[in-house]
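I opened my notebook to look up a few things in this structure. Here is what I went after, entry by entry.

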Amino acid sequence: MTKLEELIAAMIEAEGPMPLDRYMALCLGHPQLGYYMTRDPFGAAGDFTTSPEISQVFGELIGVWLLNSWAALGSPKKFALIELGPGRGTLMGDILRAVKAVPEFAKGAEVHLVETSPVLRHLQKAKLGEVRWHDTVESLPAMPSFIIANEFFDALPIQQFENRAGRWFQRCIGLGNGELKMGLVPSSPVAGEEGLYEVSPVSKAIAEDLGNHIAKHGGAALVIDYGHLKSAAGDTLQALRKHEFTSVLDSPGEADITAHVDFEALAKAFISGGAELLPMLTQGQFLKAMGIDMRTEKLAAKLEGQALEDFKAASNRLADAAQMGNLFKVMAVAQKVRQPIYPFEET
Ligand code: SAH
């Protein structure tokens, strides 16, 4: 039993079954024992890999998108360049290298990171130097803001509700023979037919805050994650450890627990905060429109042998429909805009 498991079992003993979002928040974010608080989870030696860790091209193309949207929104002189959940700081590093092409952007950008993990803040500082850190989005600066979030929202806690023949239940963690067990507790109704529904009140609150921030101060946000464009019934909760799926109840605090992002719900929250939604794309569509093939070819010209093969395979992994290209979606929101922001255009 992990220390965190003992603690959670004691809490359940004292307070009764624990809703899934509370459990997930403890597993990932308990100040001393939470998954992200204690480790660098990325790469071959870790539990999972993310797009910026796969290829530098990912961050470079996002940098180009930022340059373009900044120009489309009037090239504000001073603005915040914000990343939510920056991991090792790799994405921001690649972005900052790409935006050097436009000195007014590079000079005007003040980098702000929203990060709760002290271990990852340390890595971010080593990579990016002295930037500004925030525990939550509430303290973001009052200036035009260009915000990016890659694989951030999937790490935020969800609740699960189930409609069984018209009766509603919430999935909670309880105890059976001293061990953690998933169970159902009667709940008030949630919208939906027979089936299992996921909601993320934390994601909703953050998206609303950001929507409001953008409406008030100007700017845009780019959210990239695995998930679905339309809200639908289904269980997407998953735990990953050493690149393998495991039970969410197994070794709390030692595995990464995530859920697919419900982009429809997230979009609604950004809109209710006041931001404008642009048409959504898959990661493959976005990267191809941003020129992943050209950029890959250009960099590949300097490589040969295995390094060349690996580099080309990495770009392919990001954009290919059968790999990350379709599962991952890209959503952009902005202040009220009079013109489309490339490549998010009505078809
Ligand atoms: N964007 C990075 C890392 C994704 S992992 C990449 O693509 O490689 C999720 C990141 O979000 C980690 O940096 C984690 O510490 C951070 N995180 C998770 N929950 C958070 C929360 N509630 N508030 C702020 N950061 C959080």
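How do the residues of the shell around the ligand divide into nonpolar, polar and charged? I sorted them and got eight nonpolar, six polar and three charged. A reminder to myself: this is a predicted model.

**Entry: the ligand's neighbours**
I then asked which of the 17 residues around the ligand come nearest. My list reads Thr 50, Gly 85, Gly 87, Glu 115 and Asn 150.

**Entry: polar atoms at the ligand**
I started with Thr 50, where a polar side-chain atom lies 2.5 Å from an oxygen atom of the ligand. For Gly 85 I looked at the backbone, and a polar atom there is 2.7 Å from a nitrogen atom of the ligand. Asn 150 also uses a polar backbone atom, 2.7 Å from a ligand nitrogen.

**Entry: aromatic rings**
How many aromatic pairs does a search of the whole structure find? I noted eleven. I picked out Trp 70 and Phe 105, whose ring centres are 5.3 Å apart; their planes stand at 80 degrees, so I filed the pair as edge-to-face. Edge-to-face calls for planes over 60 degrees apart. Trp 70 belongs to helix 4 (residues 56-72) and Phe 105 to helix 6 (residues 103-108), so this pair ties together parts that are 35 residues apart in sequence.

I found Ser 75 in the loop between helix 4 and strand 2 (79-84).
Last, I turned to the peptide bond from Tyr 342 to Pro 343, which is cis, with omega near -5 degrees. Pro 343 is in the segment after strand 17 (328-334).

Technical notes. Residues are numbered from 1 along each chain as its sequence is written. This is a predicted model: local features need pLDDT of at least 70, side-chain atom pairs count only at pLDDT 80 or more; totals for chains, interfaces and linings use all residues. Side-chain values use heavy atoms; hydrogens and water are left out. A residue is near a molecule or strand if one of its heavy atoms lies within 4 Å of it. A polar contact is a pair of N or O atoms within 3.5 Å; within protein, one must be able to donate a hydrogen and the other to accept it, and residues adjacent in sequence count only if both atoms are side-chain atoms. Ala, Val, Leu, Ile, Met, Phe, Trp, Tyr, Cys and Pro count as nonpolar, Asp, Glu, Lys and Arg as charged, and the others, Gly among them, as polar. Rings of Phe, Tyr and Trp (its six-membered ring) pair if their centres lie within 6.5 Å; planes under 30 degrees apart count as stacked, over 60 as edge-to-face and the rest as tilted. Helices (H or I, at least four residues) and strands (E, at least two) are DSSP runs, numbered from the N terminus.
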